[in-house]
Amino acid sequence: MSVAASGSGRRFVRGVICTLAGGTLWGFSGACAQFLLSGAYGFTPLAVTSARMLGAGLLFLVYMLAANRAGLKAMVTSRSTLARVAVFGAVGLFLNQITYTVVIDYTNAGTATVLQCTGIAFVMLFSCLAAKRLPKAKELGGLALAIGATYLIATHGDPSTLAVPLPGLLWGLANGLACAFYIIYPKRLLEQWGAVAVTGLGMLAGGIVATVLAQPWTLSISLDGAGFAALAAIVVLGTFAAFTLYLQGVSDIGPVRASLLGAIEPVSATVFAWAWLGTQFPLADCIGFALMIVMVFLVTSSKGERNAAGGD
């Protein structure tokens with residue numbers, strides 16, 4: 001085997017490992033958010049979102065100052081770039097994060113993460129509208145799977161009942177729409193500046209908005225060791241490290257393979273919620289989760305590309 005082939009093989013393995021680790025950590029962060037919201041810590045969904053985005057944004061800022069100070073300076077001195085990053089952070093990232101956390105508050109981390117996958121179906125629909133074309137067979141199949149999965153999660157197969165609180169279901173669909181915007185909007189920014197810089201500054205901008213709205217200093221938040229560990233895990237592992245690992249995976253194996261492997265996120269969130277927090281998932285939920293994951297594989301592989309800055 002040549003040195004080049006050996007290096008390529010090692011890079012592929014590294015990419016797979018980084019992508020799976022990033023997706024797993026995203027799922028773990030959802031379980032951590034569920035733990036904080038269900039405990040007596042005084043956290044609201046806005047407060048969790050504020051801590052997560054602002055903390056991770058500051059970590060990304062430190063990283064960029066150390067790794068690419070010149071690029072960061074070029075970004076912050078460009079008014080048009082700052083304006084677009086502000087929209088991405090304050091609208092795309094913030095709405096994606098807050099709606100996701102609200103769904104966790106109404107339901108659980110596994111259900112919230114699976115409902116977020118509807119964003120991929122929305123991206124497919126928006127792409128078809130923009131191109132003024134009908135969906136392809138795979139895309140129609142993916143849409144049918146997303147609808148079927150949402151139906152099973154919402155009703156457990158009985159159309160006369162609603163197994164998920166209606167606000168949780170509606171917020172879940174809103175999260176899917178926010179996720180679609182967050183995937184589609186920053187395409188030119190990512191091409192010009194790279195995913196790490198755009199995600200980092202966007203996270204910081206969204207974190208500032210979330211903090212102003214949450215006003216955490218007015219809340220009676222009280223953290224013990226477990227609560228502090230969960231909050232730190234959300235910021236450091238579930239956001240900063242997860243994005244960094246996932247983006248490394250995208251760089252090594254490409255966005256298509258990375259987005260397919262990223263389907264481990266809802267699996268991870270469900271497993272952590274069940275094993276750690278004792279959340280029970282009926283058979284209908286498990287079938288719905290499986291259908292949504294199949295939808296991710298079907299739609300993403302047919303599109304051939306996906307935003308590198310995906311995830312929670």
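## An opening question

Which residue forms a salt bridge with Arg 14? The partner is Asp 252, and the closest N and O atoms of the two lie 2.8 Å apart. A salt bridge here is a side-chain nitrogen of Lys or Arg within 4 Å of a carboxyl oxygen of Asp or Glu.

## About the model

This is a predicted model, in which local features need pLDDT of at least 70 and side-chain atom pairs count only at pLDDT 80 or more, while totals for chains, interfaces and linings use all residues. Residues are numbered from 1 along each chain as its sequence is written, and side-chain values use heavy atoms, with hydrogens and water left out.

## Salt bridges

Let's start with the charged pairs. Side chains of opposite charge can pair when their charged atoms come close. The count under this rule is three salt bridges.

Asp 252 also pairs with Arg 11, with 3.0 Å between the closest N and O atoms. This pair joins distant parts of the chain, 241 residues apart: Arg 11 sits in helix α1 (residues 3–38) and Asp 252 in helix α11 (residues 225–253). Helices are DSSP runs (H or I, at least four residues), numbered from the N terminus. Asp 252 is buried at 11% relative accessibility, whereas Arg 11 is partly exposed at 39% and Arg 14 is partly exposed at 42%. For these labels, buried means under 20% relative accessible area, exposed over 50%, and partly exposed in between (1.4 Å probe, protein chains only).

Another salt bridge joins the side chains of Arg 133 and Glu 139, at 3.0 Å from N to O. Arg 133 is partly exposed at 31% relative accessibility, and Glu 139 is buried at 2%.

## Helices α4 and α8

Now for a helix pair. The axes of α4 (residues 79–106) and α8 (residues 166–184) come within 8 Å and cross at roughly 155 degrees. That makes α4 roughly antiparallel to α8, a label for angles over 145 degrees. Axes are lines fitted to C-alpha atoms, for helices over the stretch in contact, and angles run from 0 to 180 degrees between N-to-C directions.

Residues making the contact (heavy atoms within 4.5 Å) include Phe 88, Leu 95 and Tyr 106 of α4 and Trp 171, Asn 175 and Phe 181 of α8. By class, the contact has 16 nonpolar, six polar and no charged residues. Ala, Val, Leu, Ile, Met, Phe, Trp, Tyr, Cys and Pro count as nonpolar, Asp, Glu, Lys and Arg as charged, and the others, Gly among them, as polar.

Technical notes: Helix = DSSP H or I, 4+ residues; strand = E, 2+ residues; numbered from the N terminus. Parallel < 35°, antiparallel > 145°, perpendicular 65-115°, else oblique.
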